[in-house]
Amino acid sequence: MPRIACLWVPDLPLCAAVRAEPQLATAPLAVVQAGDLGGRAHVLAATPAAFGVERGQTLAEARAICPALVHRQASAERERAAAQGAVEAAAAVSPRFEEASRGLVYLDADGLGRLFGDDRGVARALVTAAERVGLRAAVGIAAGKSLARLAARAAAPDLSFEVTRHGLGGGAFRVVAPEEQATFLAGLPLLALDLSDELQQTLRRFGLNTVGDVSRLPPGPLAARLGPEGAVLWRLARGEDTAALAPRPSPARFEEGEELEWDVQSIEPLLFVWKALLDRLAQRLRARGLMARELLLQLRLANASWDERTLHLAAPTREVAPLLQLLRLNVEGSPPAAGVTAVRLGVTPVPEVLDQLPLFGARTASPTQLAAAVARLSALVGPDRVGQPVCPDRWAPFAAEVTRFAPPPAPVVPRPPPDGEVALAARALRPPRTAEVRCDAAGTPLLVIGEGALGGRVVASAGPWRTVAEWWTDAPVALDSYDLEVAGGLLLRASRELSSGAWWIEAVYD
């Protein structure tokens, strides 16, 4: 049987709350769930400092037991991000993993010996990976998914409550070796299994209290009395786990979210929330050796709609300060239409990129500083007016377009021209300068009258070179181009439109 590891996060709502607010880890904290249809709120989980507060108590009962109790409402956004952190912890150890439910992840533990040693080393690596993303996990390793989950549950009583800079720590693990499997199952109470209440009561009436009691029964009569559930229970009691691992791909985006207690109308409260979310995202990226290439901002508004914005970064980064500044500039430039009730931040991860600084020459700006400068310019003049020029796939001479800015590649040192040749560079004029050109009877330019110094008597000319293209579009191109040398040594590229006869200067040769 393949070795399967199970990473389980008990009390996920409590872990999610402490992970979002680490300062509450040592306080008497209870996470409560509001009752249905206006019913009374009840406790889901509490920290050890909330002595006497237990799951299922109403908030009023919990406060009567612990007057200094601090409570937080269960947050779907926080739990969603914590569950994704558990998946990332599993992915940091094994590339084959399956998320069965929130806070419950199975992964393939075979073939990890060269990285982490034996099964105990794999389990310790999982506990450490979970603590890096602020989660306290119980880890079990056994031969099969169901047995691995039972091993993780058996490790839960050994969990401790340790405060780390990322959230909660104090994870525990239990490894069930193949030769210990029968002994482990024999003493396991049936209450540790996920069985229906009706089946639990039936087994108690039969006098069965442990998994070992079920394994000693004949399979036929048990299945006849209990049906298919009885047959599955008997196979599990015998250590026969037929559930196969169904690996899932890694998440394409890392997300963190927060629900707000009131409708936020100004930027200052959002900056405080964004800072905390970006800190947690940066920690998750750092734990995996990744960086953010794209930032997605989702704002849930008071009218129940979502305001989604995508921020393309100039270069991959995981620095919090520049990302926070980009968010501020984006929202200040285009405020949401209504108050904000929830915030969700997502980043598209890419492998870590480390730039090598040059040994010689001037020091250039870092990619994050460059991204912040581009964001400031976009906020001032509009995003459509900021970018970098590119050559489009067109036939028109000197055609250019503006696209989203990206850091330029490393400069390439040009090869020197052969002896006797002079390399010229054409400096395009944007937009082209209109001019008046006087020609002889054959159409050869003799005099250029342009703006400023762009003109003079033509000393030498070459051309024309006719271009007829893009006739299938609404703006066809039909022109004759000339290279002209005017008095004083200035070299020009001038073109004449065939349909109108208008002249303009497109470029100057340097």
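User: What does E88 touch, leaving aside its neighbours within four places in sequence?
Analyst: E88 is in contact with V133, F254, R284 and R288. Contact means heavy atoms within 4.5 Å. Keep in mind that this is a predicted model, where local features need pLDDT of at least 70, side-chain atom pairs count only at pLDDT 80 or more, and totals for chains, interfaces and linings use all residues. Residues are numbered from 1 along each chain as its sequence is written, and side-chain values use heavy atoms, with hydrogens and water left out.

User: Where does E88 lie? And is E88 buried or exposed?
Analyst: E88 lies in helix α3, residues 76-91. Helices are DSSP runs of H or I with at least four residues, strands are runs of E with at least two, and both are numbered from the N terminus. E88 counts as buried because its relative accessibility is 2%. Buried means under 20% relative accessible area, exposed means over 50%, and partly exposed is in between, using a 1.4 Å probe and protein chains only.

User: Next, T58. Where is T58 found?
Analyst: T58 is in the loop between β3 (42-46) and α2 (59-65). At 12% relative accessibility, T58 counts as buried. Not counting residues up to four places away in sequence, T58 touches R40, A41, H42 and V43.

User: And P249, buried or exposed?
Analyst: Exposed, with a relative accessible area of 68%. P249 sits in the loop between α11 (228-237) and β11 (254-264). P249 and P95 are 154 residues apart in sequence, and their C-alpha atoms are 8.6 Å apart in space.

User: Let's switch to helices. At what angle do α12 and α13 pack?
Analyst: Helix α12 (residues 267-288) and helix α13 (residues 320-333) pack at about 145°, and their axes are 10 Å apart. The axes are lines fitted to C-alpha atoms, for helices over the stretch in contact, and angles run from 0 to 180 degrees between N-to-C directions.

User: Which residues make that contact?
Analyst: From α12 they are I267, L271, W274, K275, L278, D279 and A282. From α13 they are V320, L323, L324, L327, R328, V331 and E332.

User: What does the contact of α12 with α13 have by class?
Analyst: It has 10 nonpolar, no polar and 4 charged residues. Ala, Val, Leu, Ile, Met, Phe, Trp, Tyr, Cys and Pro count as nonpolar, Asp, Glu, Lys and Arg as charged, and the others, Gly among them, as polar.

User: How many aromatic pairs does a search of the whole structure find?
Analyst: It finds 2. Rings of Phe, Tyr and Trp (its six-membered ring) pair if their centres lie within 6.5 Å; planes under 30 degrees apart count as stacked, over 60 as edge-to-face and the rest as tilted. W471 and W472 form an edge-to-face pair, 5.2 Å centre to centre with 85° between the planes. W471 counts as exposed, at 64% relative accessibility. Y482 and W503 form a tilted pair, 5.6 Å centre to centre with 35° between the planes.

User: Where do Y482 and W503 lie?
Analyst: Y482 lies in strand β20 (residues 477-486) and W503 in strand β22 (residues 503-509), so the pair ties together parts that are 21 residues apart in sequence. Y482 counts as buried at 6% relative accessibility, and W503 counts as buried at 9%.
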